[in-house]
Every structure is written in structure tokens, then in C-alpha cells.
Amino acid sequence: MKSMGLIGGMSWESTAVYYSQINQAVRARLGGLHSGHILMESLDFAGIVALQKAGHWDEAANVLGASAVHLAKGGADCVLICTNTMHIVSEQVSALSPVPLIDIIDVTGAALKNAGMKRPLLLATRYSMEHGFYHDRMMALHGIEPIVPDAAGRDAMHRIIFDELCCGQVSEQSSAEVIGIIQQGIAEGADS
């Protein structure tokens with residue numbers, strides 16, 4: 001079995017989902033008591049958020065790239081960034097990594113294409129929705145055109161992610177807001 005290195009901690013709530021999903025997939029494929037051979041480096045999210053807010057993406061890329069090097073030295077055969085937002089620096093991290101980077105934008109795009117979807121609604125941080133890297137990569141590699149919520153929806157998603165989801169909280173009010181954003185996205189042509 002290959003070893004996967006997880007660059008996590010951004011937030012650790014998100015990383016826990018990746019860890020769980022990977023192990024569930026391994027158990028489903030291999031059965032019994034099988035689980036993934038996973039190495040993980042959990043970064044301090046507060047430091048990454050400070051770099052995001054300051055627009056110091058190159059410095060953030062170096063932090064994640066160093067993590068990829070650590071994981072490869074520990075035996076990882078590939079690495080994965082356990083968050084959408086930090087894929088803004090995936091090309092730089094890939095260039096710094098001695099092992100392949102599994103890019104979740106590529107994997108998601110391939111899955112959407114295989115399912116016949118063409119206009120997914122991208123619900124993410126402001127960085128992912130507004131910086132264009134997600135949209136551009138999906139279009140270039142898969143011919144898929146993500147759509148994003150309007151300004152109020154983007155503000156709500158960013159706030160909900162950072163103030164609640166990253167802190168392990170989900171309020172009924174925020175759930176209702178997200179459902180409203182999804183309904184508006186469907187009305188505007190989102191097919192997934």
C-alpha cells in the first residue's frame with residue numbers, strides 16, 4: 001500500500017474530514033480492518049490565516065512546500081493539501097515537493113466531468129471563490145465552469161467557514177443561509 005502525506009491543520013476540522021474519508025475509502029475497497037497508511041503534518045492555522053490576510057501567498061507556499069518535503073522524508077509517496085483554499089498555491093507546492101501532489105481541484109473536476117456536470121456551485125472561502133484559481137483550473141483541465149454566489153453569498157460563506165466551521169460549529173441560522181445560497185445557485189444554473 002502506498003503512503004499518503006496529508007498537509008493539514010487548515011483547519012484541523014477540515015483535516016479530520018479528509019482523514020476519515022480516506023480511511024473509509026480504503027476500508028470499502030479492501031474490507032475488514034484495513035485503513036490507509038497516512039502521514040500527517042498539522043500546521044498552525046493561525047499562522048496560515050495571517051499569511052492569507054496579508055496576501056503573502058508565496059510565503060504560505062513555502063510553508064506548505066516545506067511540509068511536503070517533511071512528509072516525503074517520512075515516507076509519503078504523495079501529498080495532499082487538506083483544504084480547498086490553499087490550492088491557490090498548489091503549483092508552487094507541487095514544484096517544491098519531491099513527491100506528487102494530488103490536486104483536489106483536478107480530482108473534483110474529473111469526478112464532475114465523469115458525472116456529466118458542467119456548472120458546479122463553488123461554496124468556499126472568499127479566496128477560493130474570488131481569486132479565480134479554482135475556476136481557471138477547472139475550465140482549463142475539464143471544461144467545467146464553476147459559478148459562485150453573489151457578493152452577499154460570498155461574504156456569508158466566508159464568515160460561516162471561518163467563524164463556525166473552522167471552529168467545529170454549525171448553527172441553524174447558518175445552515176438556513178447556506179441552503180438559501182444553494183437554492184439561488186440552482187436558480188442561476190448550478191447543476192451540482
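On a 1 Å grid over the protein atoms alone, a cavity is a set of points where a 1.4 Å probe fits but cannot get out, while a pocket is an open set with protein on both sides within 12 Å along at least five of seven lines; a residue counts as lining if it has an atom within 4 Å of a point. Grid points are joined across faces, edges and corners, and a volume is the space filled by probe spheres set on the points. The model is predicted, so to speak of local features takes pLDDT of at least 70 and side-chain atom pairs count only at pLDDT 80 or more, whereas totals for chains, interfaces and linings use all residues. Residues are numbered from 1 along each chain as its sequence is written, and side-chain values use heavy atoms, with hydrogens and water left out.

On those terms the structure holds one cavity of 30 Å³ or more. About 40 Å³ of space lies in the largest cavity, and its lining is made up of Leu121, Pro149, Asp150, Ile181, Gln184, Gly185 and Glu188. That lining splits into three nonpolar, two polar and two charged residues, where Ala, Val, Leu, Ile, Met, Phe, Trp, Tyr, Cys and Pro count as nonpolar, Asp, Glu, Lys and Arg as charged, and the others, Gly among them, as polar.

The largest pocket takes up about 730 Å³. Its lining comprises 28 residues, and Ser14, Tyr18, Thr83, Asn84 and Ile104 lie nearest the centre. Helix 1 (12-30), helix 2 (45-54), helix 5 (104-114) and helix 8 are the elements that give two or more residues to this lining; helices (H or I, at least four residues) and strands (E, at least two) are DSSP runs, numbered from the N terminus. Helix 1 provides the largest share, six residues. By class, the lining has 18 nonpolar, nine polar and one charged residues.

The second largest pocket has a volume of about 330 Å³. Of the 13 residues that line this pocket, Lys2, Met4, Ile22, Val26 and Arg29 lie nearest its centre. Strand 1 (3-8), helix 1 and strand 2 (37-42) each give two or more residues here, and helix 1 again gives the most, with five residues. Eight nonpolar, three polar and two charged residues make up the lining.

Strand 1 and strand 3 (residues 78-81) run parallel over four bridges, and Leu6 has Leu80 in strand 3 as its bridge partner.

As for the cysteines, a search of the whole structure turns up zero disulfides (a disulfide being a pair of cysteine sulfur atoms within 2.5 Å). Cys82 is in none, as the nearest cysteine sulfur, that of Cys78, is 11 Å away. Cys82 counts as buried because its relative accessibility is 0%; buried means under 20% relative accessible area, exposed over 50%, and partly exposed in between (1.4 Å probe, protein chains only). The sulfur of Cys167 is 6.6 Å from the closest cysteine sulfur, in Cys166, which is too far for a bond. Cys167 counts as partly exposed at 45% relative accessibility.

Leaving aside neighbours within four places in sequence, Ile161 is in contact (heavy atoms within 4.5 Å) with Ala124, Thr125 and Cys166. Ile161 is buried, at 14% relative accessibility.

Key: Two strands pair if DSSP finds at least two bridges between them.
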